[in-house]
Amino acid sequence: MLVKKIINDPKRVVDESVAGFGLAHADLVRVEVDPIHIVRADAPVSGKVGLVSGGGSGHEPLHAGFVGFGMLDAAVPGAVFTSPTPDPILAATKAVDGGAGVLHIVKNYTGDVLNFETAADLAAAEGIEVRAVVTNDDVAVKDSLYTAGRRGVAGTVLVEKIAGAAAERGDTLEGVAAIAERVNANARSMGLALTPCIVPHAGEPSFTLAEDEIEIGIGIHGEPGRERVKLEPADQLVDRLLEPILEDLPYSQGERALLFVNGMGGTPLVELYVAYRRAAELLGERDIVIERSLVGNYITSLEMQGMSITLLKLDDEMIELWDAPVQTAALRWGR
């Protein structure tokens, strides 16, 4: 099977992609190559809590696309679908330490958690105070190939934005960690896949689906979900994702939410808005008020066709921090 990719050497995909990202967004970031990490152009910001996240590549724009004013101070890319090692995480942590401590935002995958913990220990030995928040918003499965407990998926984007705004306004490390924990605790996500993706160095699909099959509850690395079903109309698919979210974190009438419909990389916006329309309709029937929205490809799985839905239960402070100015490659408003 011939795999068509716009790449040179599969072993150099991440290095060359990160180099290109740095050239394209030199006004926002600088790229450090040994060990590889991406840092906000003006880092470290004196007196501000630094925010570092990272994980395997292949989920772009997560995480590098969210480095900049009002969001992350650094991102650490691993190989495709592979956690970064402690060395670059430590380097990123040191690069963003402005004297107020550093918050690690870590998706709940075993490799990520262990390597960020090791890097935090090494940073502490050098006198940098580090706190970590582990995101685990996926309601689909409790344990997977990569995790103990729930997976961290699209809710991570919302944690990074809202915690980033809290850091930008001058909150303490404890305060930024607390708001990040609060967002994670109030976010729930679930995804589906229409097709697998192809990891460049593997050169073959990460799993197989029949022509008329979809996987409900898929992970962002192609991990299995809850069930395989025959392809259904969009409205039924949205119901399959949203119902478990609302069962897991019930809403009272009049409660406010941020509705995030995310593409997995290969799904066009025209389809994501079809899904958003049904999700909004369903929430309206439950008297849940959609205060804020996000639609697009923000945490992807290479070229996988599919989507995820995230619902975040909002309070006044979260809305204020969501609306606060942000200037990154992938998310920008108000500045």
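Reader: Let's start with a helix: what covers the buried residues of α6?

Author: First, the ground rules: this is a predicted model, where local features need pLDDT of at least 70, side-chain atom pairs count only at pLDDT 80 or more, and totals for chains, interfaces and linings use all residues. Residues are numbered from 1 along each chain as its sequence is written, and side-chain values use heavy atoms, with hydrogens and water left out. Helices (H or I, at least four residues) and strands (E, at least two) are DSSP runs, numbered from the N terminus. Contact means heavy atoms within 4.5 Å. Now your helix: the cover over the buried residues of α6 includes β7 (187–193), β8 (213–216), α7 and β12 (306–313).

Reader: And which residues of α6 are buried?

Author: Buried means under 20% relative accessible area, exposed over 50%, and partly exposed in between (1.4 Å probe, protein chains only). In α6, the buried ones are L237, V238, L241, L242, P244, I245 and L246. A handy rule: an α-helix has 3.6 residues a turn, so residues three or four places apart point the same way.

Reader: What span does α6 reach?

Author: The expected span of a helix is 1.5 Å times one less than its number of residues. With 15 residues, α6 reaches 22 Å from first C-alpha to last, close to the expected 21 Å.

Reader: You listed α7 in the cover. At what angle do α6 and α7 cross?

Author: Axes are lines fitted to C-alpha atoms, for helices over the stretch in contact, and angles run from 0 to 180 degrees between N-to-C directions. Here α6 (residues 234–248) and α7 (residues 269–285) cross at roughly 50°, their axes coming within 9 Å. Angles under 35 degrees count as roughly parallel, over 145 as roughly antiparallel, 65 to 115 as roughly perpendicular and the rest as oblique. So α6 and α7 are oblique to each other.

Reader: Which residues make that contact?

Author: From α6 you have A234, D235, V238, D239, L242, E243 and L246, and from α7 V274, A275, R277, R278, A279, L282 and L283. By type, the contact of α6 with α7 has nine nonpolar residues, no polar ones and five charged. For that sorting, Ala, Val, Leu, Ile, Met, Phe, Trp, Tyr, Cys and Pro count as nonpolar, Asp, Glu, Lys and Arg as charged, and the others, Gly among them, as polar.

Reader: Now single residues. Is A75 buried or exposed?

Author: A75, in strand β4 (residues 74–80), is buried, with a relative accessible area of 2%. A75 touches H37, I38, S53, H63, A64 and V67, leaving out residues up to four places away in sequence. A75 and I38 sit 37 residues apart in sequence but 5.2 Å apart in space, C-alpha to C-alpha.

Reader: And what does T156 touch?

Author: T156 belongs to helix α4 (residues 155–168) and counts as buried at 0% relative accessibility. Neighbours within four places in sequence aside, T156 contacts H63, I105, K107, T135 and D137.
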